[in-house]
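Biologist: I am new to this one. Walk me through the terms as we go.

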Amino acid sequence: MRKEIDPMTKDPVLGVAHSEIISNIPQGACDCHVHVFGNDAEFPMWKGRSYTPPPAPVEALAVHQRALRFDRVVIVQPSIYGTDNRCTLDAVAKIGRGARAIAVVDNETTRRDLKDLAHGGVVGIRLNLAAAAAADLDRIRKQLYQAVEIAEPLGWHVQIFTELKIVAALENDFRQAPTPSVIDHFGRANAGEGTKQPGFDVLLDLVAAGHVYVKLSAPYLVSSSPTQDDVVPLMRALVRANSSRLLWGSNWPHPGAGTGIPADGIVPLRPIDDGAAVDTFASELNDPAVFKRILVDNPAKLFGFSDKDGLIP
């Protein structure tokens, strides 16, 4: 359990406060899902974006990761940049060997571009299928196959932002995929519906068989509870299925707090306490070996971290 009153540390760049970590964070811990939003003059946002966040520069990310006592980080290309991965690559370069990246590519991405991405620390491709409908299954499957064809020769994985009904529809495709598949944010399960909701059994089966990884990330996105207690049964079921296929991510800097704001209006960040989130996760697991497996061993294997790779001092 956390202290009744927690000391707070404050990010001097974003001004975001979070509780001081009281858990024993193992060496080599990795935050597997963050974003960086750079200066718009240097890294202009995609005109087709659905929202506009405030800046969240790499310097603030480094402060945040040190406060969490995490040594490694995976920077995921945000939708606001489309297929322009320069801001993400810049962040990886500034952090160094303790960082990896997940890129967004399309049919216009050349082989030379892919080699440059790999050289810059990219280890996977992100697909955003959150707005896809099951009726568009042929198109969705084509997107997945195209991503796999790109990822396989590079030794990359495919990371997918989607929901349970799409996971269930693609079950056989995931079982046959020659590359690792990573499902974001609990597969966007509805935590309030528990472990018996449609599609969650398929996700558990895929995890148990080692066909997909699942990110235990951003529980506030799938929870209907102020305390997010309803996410715990989902997490425990996934751990029982196969803890070697689970990853943890903060989703820093937590974009998307506003609703009904036009794409050209600044959408504020969510005031998420990542210090409390880490401690709650450790407490609910109540197993240091599994905690280390999820924070250290699984990311090292999937993202290719070596013993010498760590975050900037």
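Modeller: A pocket is an open set of points on a 1 Å grid over the protein atoms alone, where a 1.4 Å probe fits, with protein on both sides within 12 Å along at least five of seven lines; lining residues have an atom within 4 Å of a point. Grid points are joined across faces, edges and corners, and a volume is the space filled by probe spheres set on the points. By that count, the second largest pocket holds about 440 Å³. This is a predicted model: local features need pLDDT of at least 70, side-chain atom pairs count only at pLDDT 80 or more, and totals for chains, interfaces and linings use all residues. Residues are numbered from 1 along each chain as its sequence is written, and side-chain values use heavy atoms, without hydrogens and water.

Biologist: What lines the second largest pocket?

Modeller: There are 23 lining residues, and Pro 219, Thr 227, Gln 228, Ala 277 and Thr 280 lie nearest the centre. Helix 9 gives the most, six residues.

Biologist: What makes a lining residue nonpolar, polar or charged?

Modeller: Ala, Val, Leu, Ile, Met, Phe, Trp, Tyr, Cys and Pro count as nonpolar, Asp, Glu, Lys and Arg as charged, and the others, Gly among them, as polar. The second largest pocket therefore has 14 nonpolar, five polar and four charged lining residues.

Biologist: How much space lies in the largest pocket?

Modeller: About 1,100 Å³. Its lining has 36 residues: 15 nonpolar, 16 polar and five charged.

How values were computed: Helix = DSSP H or I, 4+ residues; strand = E, 2+ residues; numbered from the N terminus.
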